[in-house]
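Let's work through some exercises together, with the solutions spelled out step by step. Keep the viewer open and try each task before you read on.

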Amino acid sequence: MIAQGSTILHSACNEYAQKAELVATWCLGKEAGASNPVRRGIATYLHAAGIQAGYSFFAPNVPSQHRLTLELLYEDGRVEYESPHVRGKTAALRLESLLDRLADERYEPAREVLVKMLAFSVWREHPDVKKIRATFGAVNPPAMNEFEQGNTETFQPMFSFDFSLRDDQKQ
Amino acid sequence: MQSVVKSPGSQISVGLSPLRKFWQRFIGFLFPPETDTWLAVLRSGLGLQVIVYALFLRSDWHYLFASSGKGLVGREVGEAITAFDSPLIPTFGWLVAFGRNLNMSEEAVLTVAWIALLSAGCLLLLGLFSRPAAIVAWFVHLCAAESGGLLAYGADSFMTTALFYLMLSPLPDHYSFDHWVTKTKPKNPLLLGFWRRVLQVHLCFIYFIGGLAKCLGNGWWDGSNLWRSLIRPPFTVVPPDMLVRFKYALPLLGISICLLEVSYPIFIWSKRTRWIWLGCILAMHAAIGLTMGLYLFALVMIVMNLAAFGVPSTDKRAQATSATTEQ
């Protein structure tokens, strides 16, 4: 967090934080090969004890919310807008968690696959859709004084994908 | 004749070197004699937590954890990320592969897993088959947290941690049905004290890191982060119009949260300040649950705090139990 310069600390601290991060990475065996038994042993323990992730929830600052909008294009030219959805509120919280991860650069290689799967989950409910345009972006809420002046949230697109379903997949 | 066992560090150390004294005090800190009341709180609280978790996810269970093409994103991506870390971490993929050998469909395996989790929660709440129930609850929950790793959030990590400690703690406690049925011998108070200490130290670490990270963000000092977190869907329980009325209280609340968390490891140990800090932390988690709809997160944190610091240390009772154990 400090190494990425996302805190109020002076930028001079970033360099030290980067060095500390390297030491921590080494201690956790992450510098070793993927099949290294020490690395695997440490990783297994961390996951089993639920301590593989940090404890900086909503810190140093509360991140923006993210939204995935799916533009459904039908054969007859109709256009509808949908978003991936679940039934329960707890599961909705998990979907939000997934969308926040999509915005993270570390998940960049998996973005297209994940967005495709999310689009496919909606596609199953609308089998006659010809094409889907998925637009992902950050939703920036208004500050309190902006809200008092009547301003609302703003949407900042980050990336989009077009998916078309092949005939054999439709079956 | 009764022999009262004291904490290893409580022995009088006259004429010992400072290093040895320090070592004895350290061991005394790690192994304080405890009764199993805190363990009963942890067991029953986590039983309730597991039941609520399973019931909340009931309608989406298959949709979240089914393979690609059937579920939301398919569990394969999450499992691949987990397997990259280590193939020894359990996932639903293991259970589905095992079920295939028994001619069970993926859907049937997921249903059995859900029933097992709910049953383990009920058994933990009652204290029946406490240890096997704790192991099953930890294992199935870990499978869910790892297979749905992309969908996981803070409550999952804390649940895994709490169930991990519960599974390793000296179960059953004397409030459980297990104790009434089998009349088990009282557990070693030093071992009970050790596991409670582990939980206490872990909580201190969690709050200190969380508090420090918040202190390093400018938005916690002016209340803007509190505003952002409370109006951020899907956490919007309190209407923003109502929040605006408390706009002068938000910076104060934001700073209070930072200070409360970062100073937790200092003030939670002193008997004078423990109840104030514990009360404030419990109130904070209750407020998070009610105003942001993070019920699972709130419940698991309240249970962990109550088990770690909410049950008073009863040295005399623990020593008496210890004496009985020795006899």
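Predicted model: local features only at pLDDT ≥ 70, side-chain atom pairs only at ≥ 80, totals over all residues.

## Exercise 1: A helix and its surroundings

**Task.** Find the length of helix α8 of chain B, and explain why α8(B) is largely enclosed by the rest of the structure.

**Solution.** 

Step 1. Locate the helix: α8 of chain B covers residues 154-168, which is 15 residues. From first C-alpha to last it reaches 22 Å, close to the 21 Å expected at 1.5 Å a residue.

Step 2. Apply the burial cut-off: a residue is buried if 20 or more other C-beta atoms lie within 10 Å of its own. The residues of α8(B) that pass include Ala155(B), Phe158(B), Met159(B), Ala162(B) and Tyr165(B).

Step 3. Conclude: twelve of the 15 residues of α8(B) are buried, so the helix is largely enclosed by the rest of the structure.

## Exercise 2: Where the chains meet

**Solution.** 

Step 1. Count each side: chain B brings 52 residues to the contact and chain A brings 50 residues.

Step 2. List the elements of chain B that give two or more residues to the side touching chain A: α3 (61-65), α4 (76-85), α7, α8, α10, α11 (224-230) and α12 (240-245).

Step 3. Pick out the largest share: α8(B) provides six residues of that side.

Step 4. Sort the residues on this side of chain B by type, and you get 28 nonpolar, 17 polar and seven charged.

## Exercise 3: Inside the cores

**Task.** Which residues touch the most other members of the largest nonpolar core?

**Solution.** 

Step 1. The largest nonpolar core holds 101 residues, and those touching the most other members are Ala137(B), Ala162(B), Val300(B) and Met304(B). The element giving the most to this core is α16(B), with twelve residues.

Step 2. Zoom in on Val300(B): leaving aside neighbours within four places in sequence, its contacts are Gln49(B), Ala155(B), Phe158(B), Met159(B) and Ala162(B).

Step 3. Look for another core: a second, separate one has five residues, among them Ala59(A), Val62(A), Ala213(B) and Leu216(B).

## Exercise 4: A helix with a buried side

**Task.** Which residues of α15(B) are buried, and how are they arranged around its axis?

**Solution.** 

Step 1. Check the length: α15 of chain B runs over residues 271-292, and its 22 residues should span 32 Å at 1.5 Å a residue. The end C-alpha atoms are 32 Å apart, which agrees.

Step 2. Name the buried residues of α15(B): Trp277(B), Ile281(B), His285(B), Ile288(B) and Met292(B). They cover an arc of only 70° around the axis, so they sit on the same side of α15(B).

Step 3. Recall a handy rule: an α-helix has 3.6 residues a turn, so residues three or four places apart point the same way.

Step 4. Compare the two faces: the buried residues of α15(B) pack against α11, α13 (249-262), α14 (264-267) and α16 of chain B, while the face turned away carries the exposed residues Arg272(B), Gly279(B) and Ala283(B).

Step 5. Look just past the end of α15(B), where Gly293(B) has a positive phi of about 75°.

## Exercise 5: Backbone details in loops

**Task.** Which peptide bond is cis, and is Asn103(B) buried or exposed?

**Solution.** 

Step 1. The cis peptide bond runs from Leu171(B) to Pro172(B), with omega near -5°. You will find Pro172(B) in the loop between α8 and α9 (177-182) of chain B.

Step 2. Asn103(B) is in the loop between α5 (92-101) and α6 (106-126) of chain B. Its phi is near 60°, a positive value in a residue other than glycine.

Step 3. Count around Asn103(B): it has 7 C-beta neighbours inside 10 Å, so it counts as exposed.

Methods. Residues numbered from 1 in each chain as written. Chains lettered and ligands numbered in written order. Helix = DSSP H or I, 4+ residues; strand = E, 2+ residues; numbered from the N terminus. Expected span 1.5 Å × (residues − 1). Contact = placed C-beta atoms within 7 Å. Nonpolar A, V, L, I, M, F, W, Y, C, P; charged D, E, K, R; others polar. Core = buried A, V, L, I, M, F, W, Y, C linked by C-beta atoms within 7 Å. Arc of directions from axis to C-beta.
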